[in-house]
Amino acid sequence: MVMASPALLVAALCAFLVAAGEAREEAAVGASAFRSRGTDPNMEVKFDFSPFLIQYKSGRVQRFMGTTFVPPSLDARTGVASKDVVVDRGTGLRARIYRPSRRAVVGGGGGRLPVLVYFHGGAFVVESAFDPVYHSYLNALTARAGIVAVSVNYRLAPEHPLPAAYDDAWAALSWVLENARPGAGGEPWLSKHGDASRLFLAGDSAGGNIAHNLAMRAGQQSGGAARTAIRGVALLDPYFLGRYLSPGAERAWGFICAGRYGTGHPYVNPAALPAAAWRALPSPRVLMTVSGQDRLGPFQRAYVDALRGSGWRGEARLYVTPGEGHCYFLNNLASPKAAAHMATLAAFINGS
């Protein structure tokens, strides 16, 4: 089967979530007879989450994107090396670690570099840390920012509905902090080159949602290492919702979390958080990026407004790219707007 570019399909997320509910219901009437194939539960549709996947009544899930695997490598263009690690054998949680060229490591202030924990997008249901789009993006970001990056391959819905991805994020952060301790005998790329006192969280779309909720969880851990380690959170066109949603958006969120949380829950509508919860956010700095044509933009801006108005003592920066759609910066890394977006993220990590 010939499939569209994964990054281009990810860019369809907000169009589906916010506007496509009514149109999809009309299409479903004509498509259901074709897809049901009688009473065969392995072919009868339970939930149509196009363009991402279809779940059948047997439990089988057919994904239309994000299934391509590219192995870790030494990237010829950037000099960045990568390798895969197991974070939790019990859940199967894995991650891909990126280390910049040896010249960058040597020049990185005593050999120690900021550590970025990154979460990919994909509506919580598709994509992986091993997809070619994210592999290219993390190679470029690692080289541009001069960091050690850990790209987390969290579990996906519907097989593992939320909060599985949030639990995986916490497990990954705990693993990073443990392995970044000098002399701990852990993962050498972290223990020898990572600076756990300069730890950043970031993610795009659903990954931005995960990064936010991970930071909030860390803020609830009084005196914990995670609370004091996080120096910044970068939310790149994050998947947040709010009021006035289409029926399709509500159904999609219910599918992602197996009906456990409504669309007013702070997991997906952080603007609903009380001011006291915002003030517990441990990061002193937050970067929010918004693409001008992203229909999730109002919810992303509401996040910044709520954070700034809560009495939180940190610095929240809003970076807007006019005329671009959801997560455009993943598609063409060499474009001027995508390059400027990455430069902004790199500068945020490096403290400027």
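Contact here means that heavy atoms lie within 4.5 Å. With that in hand, let's look around this predicted model, where local features need pLDDT of at least 70, side-chain atom pairs count only at pLDDT 80 or more, and totals for chains, interfaces and linings use all residues. Residues are numbered from 1 along each chain as its sequence is written, and side-chain values use heavy atoms, with hydrogens and water left out.

**The sheet**
- An open sheet is built from 8 strands in the order β4-β5-β7-β6-β8-β9-β10-β11, with mixed pairing.
- Strands (E, at least two residues) and helices (H or I, at least four) are DSSP runs, numbered from the N terminus, and two strands pair if DSSP finds at least two bridges between them.
- At the edges sit β4 (81-88) and β11 (315-321), each of which pairs on one side only.
- On average, neighbouring strands of this sheet are turned by 20° against each other, direction ignored; axes are lines fitted to C-alpha atoms, for helices over the stretch in contact, and angles run from 0 to 180 degrees between N-to-C directions.
- Strands β9 (residues 230-236) and β10 (residues 285-291) pair in the parallel sense over 4 bridges, and V233 has V286 as its bridge partner in β10.

**A helix across the sheet**
- Helix α12 (residues 297-308) lies across β9, β10 and β11 and runs at about 155° to β10.

**A look at H341**
- H341 is part of helix α13 (residues 336-349).
- With a relative accessible area of 2%, H341 is buried (under 20%; exposed is over 50%, partly exposed in between, using a 1.4 Å probe and protein chains only).
- Apart from neighbours within four places in sequence, H341 is in contact with L236, T289, Y319, T321, Y328 and F329.
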